[in-house]
Amino acid sequence: MSTIVTLPDQRTATLPKVSYLNKEYGLKSWLLTGDHKRIAVLYLISITFFFFIGGAMAGLIRLELLTPPSDLLAADTYNKVFTAHGIIMVFLFLVPSVPATIGNFVIPIMVGAKDLAFPKINLLSWYLYVAAGCMLLWALVSGGVDTGWTFTTPLSTHYLNTHVVTAGLAVFVAGFSSIFTGLNFIVTIHRMRAPGMTWFRLPLFVWSHYAASILMVLGTPVLAITLTLVVLERTIGIGVFDPTKGGDPLLFQHLFWFYSHPAVYIMILPGMGVISEVMSTFSRKRVFGYTAVAFSSVAIAVFGFFVWAHHMFVMGISSYSALVFSLLTMLVAVPSAIKIFNWSATLYKGSITFETPMLYAFGFIGLFTIGGLTGVFLGSMGMDIHLTETYFIVAHFHFVMVGGMLMAYLSGVHFWWPKITGRMYPEGVSKLAAVITFVGFVLTFFPQFILGYLGMPRRYAAYPAEFQVLNVFSSAGASVLGVGYLLPLLYLTWSLKYGKIAGSNPWQATGLEWQIQSPPLTENFVETPIVTHEAYDYEWLESKKENEVPTVG
Amino acid sequence: MQHFISPVLWQFLIKWLTYFAIFPPEASTIAPYADALYFFLVAISAVGLGAVIFLVVYFSIRYRKELNPVATQIEGSTLLEATWTIIPLILFMVCFVWGALLYFRIYSPPTNAMNIYVVGKQWMWKVEHPGGQHEINALHIPINQPIQITLISQDVFHSFSIPAFRVKREAIPGRYNTEWFEATTPGTYHIFCTQYCGTLHSQMIGEVVAMTEEDYEAWAAQSTSGNSLAQNGERLFASLGCNSCHNSGPNAHGPNLANVYGSHLQLKNGSFVTADDAFLRDTILNPTMHEVAGFAPIMPTYQGQVSEEGLIDLVEYIRRLDTQYRIDQTIDNSAGQPIQTGATPPGTSAPALAPGTVKQ
């Protein structure tokens with residue numbers, strides 16, 4: 001397999017003398033920084049920490065489910081473990097994953113700005129994230145919480161004696177971290193684009209983050225309200241959700257899913273942005289149907305707000321509202337299909353190479369397609385009755401969130417690693433990790449579709465014996481998946497010191513972030529760039545290379 | 001083969017693999033309809049996924065850098081965009097219509113369905129047959145007879161799922177939900193609670209026993225507690241003092257309840273409401289929720305005084321007041337006079353329970 005990496009000669013190569021990493025030293029220079037790139041690195045470290053805690057919880061779940069009875073973990077421990085897994089992975093990993101790390105790092109550079117619009121709010125966002133993480137860790141070590149990540153009332157308000165209030169407030173705080181990130185992106189993308197950087201010259205990564213940011217800013221406050229009501233109901237018994245006080249427990253479901261369905265698009269849209277960048281770069285070709293891909297992100301964001309009640313088809317909502325929500329669910333599937341076909345068509349007549357980010361992107365396309373199509377199963381009202389609340393749901397959202405989003409995240413981390421650190425990751429072992437992750441993932445989650453159709457309910461610590469074989473496959477896959485996730489942690493850390501020096505544009509990509517040194521200066525650009533070309537204009541890149549002498553390396 | 005591995009392991013493998021389920025039994029009239037849609041969805045998914053994999057793999061091989069060193073820049077194609085917008089849209093619309101038809105089939109009970117009440121609580125299912133059979137975590141039903149389940153929860157959300165019948169519905173505190181099915185094959189099938197409901201969620205399981213009609217009748221005859229739900233309801237009606245107002249005497253303060261079930265009532269705000277299970281339950285617990293035109297709102301609330309089972313008994317009693325009850329009547333209940341057996345003084349919270357009733 002060929003590669004497009006053009007590394008500087010390793011004997012003479014040096015990292016740039018001044019960059020955002022070495023401009024200032026000391027803990028204080030990091031903890032009080034306003035630099036979006038340093039904040040991105042802080043986020044990268046903290047979400048990696050929480051990812052491995054959440055992953056360890058997933059490992060415990062799969063170990064417990066190796067055998068039918070609840071023998072390794074008692075039922076209440078199991079409930080606490082899957083709750084911790086869900087809350088950590090959703091609120092502390094998936095929601096901030098791509099936006100707060102990669103987005104934070106590259107969006108200002110992509111639009112040609114020195115920083116985000118509100119650097120201090122950006123830093124505050126990270127502190128809120130850390131505060132939320134600490135509160136949640138406190139809730140876990142002081143006895144745990146067993147509501148499930150969905151905080152279903154009246155279970156969470158009246159029937160549990162665990163740390164629901166602490167966990168609820170942790171998610172509340174994490175929500176504000178997300179709102180601030182979204183706010184920063186929206187203002188930056190509107191107001192801080194470089195001269196010549198029109199909306200339709202923006203990389204698709206920026207478009208997808210813009211769509212996700214709108215969802216964050218409009219959706220997350222509803223989650224905050226909902227959790228506040230849960231906390232108030234639990235502490236002073238206001239009775240909004242309590243039927244004995246005239247409240248309506250279904251209202252909680254409406255409010256919760258009004259955020260939590262758009263939240264899945266908050267999670268997946270930034271990942272889709274990564275895939276657009278990676279597919280284009282490694283095909284050496286502009287993204288097929290740029291406007292279609294850009295507007296499909298916006299369409300997902302708009303339709304995404306009006307599908308929430310498809311989580312409630314079996315709860316006794318009126319049949320007519322179920323009809324409307326099912327129809328809208330079908331409509332929101334279309335923009336995702338458009339994206340998949342456009343990415344596939346991007347390969348057509350390209351000049352394709354297969355670096356690690358591309359392998360992860362291929363994994364994303366296959367797994368996200370399965371995840372999306374099984375979403376159609378669940379959007380189809382009659383089918384949903386049998387499938388909802390079973391392992392089919394678990395498999396579906398793991399295909400979208402892990403097969404889709406986590407693949408995209410890893411693709412993005414590898415793709416921008418040379419830009420963030422100035423060094424390359426080792427290509428051989430990282431390709432191996434990509435393949436291991438893919439195989440482990442399919443082995444873990446594909447059997448769960450079959451389990452789901454058999455009727456195995458989710459959140460069961462114990463299950464009937466006839467489900468064991470498929471669960472053993474799934475647990476075996478999880479151990480493979482664990483290896484797939486540990487490898488990048490090891491070799492990426494190794495590459496910080498021993499990786500080859502990357503140079504400014506190892507992938508020969510067209511984005512503005514690749515036209516500056518790696519790692520970038522604190523101000524990103526020496527002088528404000530003037531944009532005269534479209535996104536993904538490889539001919540412009542060729543002519544630029546002919547007219548310029550590379551200065552970094 | 002078994003000579004090469006340990007006999008214990010061999011036995012284990014045999015047992016393991018014979019248990020291996022891959023597709024659930026089709027044991028209700030709905031199941032074939034649900035499975036047909038499932039196979040359709042699997043088929044279009046396979047075609048869609050196949051198309052994407054084919055494109056990605058074929059282009060990756062055909063246009064890899066060795067074969068195609070220079071990429072050809074292509075802007076896009078409106079025609080192609082329209083194609084891959086419209087074709088998925090049409091397929092998804094088919095799924096929508098088919099799914100909607102199936103939904104209405106699953107959630108529209110036939111009029112001749114036999115009604116069984118199910119109350120969910122942490123962590124068990126309590127089944128109340130109108131004939132006075134009470135079961136915990138078990139449900140005996142005849143095959144070839146539509147069964148309607150009227151579901152409610154007395155604490156948190158639960159969900160009553162029978163995978164072999166492809167039906168499921170949430171049991172929600174404070175409101176009746178219904179689901180129905182008609183079993184086709186005798187056998188024992190899982191009941192799962194599929195909505196997470198706390199510590200022992202995974203033990204909130206039970207069995208549906210689908211039996212032939214003769215077997216069912218034999219079971220029903222020997223399992224009855226002796227008093228039907230309506231009879232329990234009558235005792236409770238008397239012990240709560242309901243009949244002091246809801247009687248047919250000249251000084252009655254409340255409406256006469258005979259024939260009230262299923263009728264259309266006009267409310268004070270002018271709207272109409274059907275007096276169904278949910279309406280009766282609401283008016284017992286929260287009388288001011290629906291104020292019926294022509295009556296003063298003087299009824300006290302019975303919130304906290306009647307258990308979910310007691311409410312079911314009362315509903316069953318009231319719904320039969322027009323037809324069957326007068327014929328089935330086994331105990332004397334002249335208006336205004338509390339009955340002798342099982343009566344408790346008015347105002348006590350404990351409902352009168354017949355002998356053999358399972359109290360939880």
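Which residue in β10(B) is the bridge partner of Ile141(B)? The partner of Ile141(B) is Ala210(B). The model is predicted: local features need pLDDT of at least 70 and side-chain atom pairs pLDDT 80 or more, while totals for chains, interfaces and linings use all residues. Residues are numbered from 1 along each chain as its sequence is written, with chains lettered from A and ligands numbered from 1 in the order written.

β4(B) and β10(B) pair in the parallel sense over five bridges; pairing requires at least two DSSP bridges between two strands. Both belong to an open, five-stranded sheet of mixed pairing, ordered β4-β10-β9-β6-β7 in chain B. Neighbouring strands are turned by 20 degrees against each other on average, direction ignored. Helix α4 of chain B packs on this sheet, touching β4 and β10, and its direction makes about 130 degrees with that of β4(B). Contact means C-beta atoms, placed from the backbone, within 7 Å. Helices (H or I, at least four residues) and strands (E, at least two) are DSSP runs, numbered from the N terminus.

| Element | Residues |
|---|---|
| β10 (chain B) | residues 205–211 |
| α4 (chain B) | residues 213–223 |

In chain A, α3 (residues 75–94) and α5 (residues 119–141) pack at about 180 degrees, their axes 12 Å apart. α3(A) is therefore roughly antiparallel to α5(A), a term for angles over 145 degrees. Axes are lines fitted to C-alpha atoms, for helices over the stretch in contact, and angles run from 0 to 180 degrees between N-to-C directions. Ala84(A), Ile87(A), Ile88(A) and Leu92(A) of α3(A) meet Ala132(A), Gly133(A), Leu136(A) and Leu140(A) of α5(A).

Methods:
Angles under 35 degrees count as roughly parallel, over 145 as roughly antiparallel, 65 to 115 as roughly perpendicular and the rest as oblique. Two residues are in contact if their C-beta atoms, placed from the backbone, lie within 7 Å.
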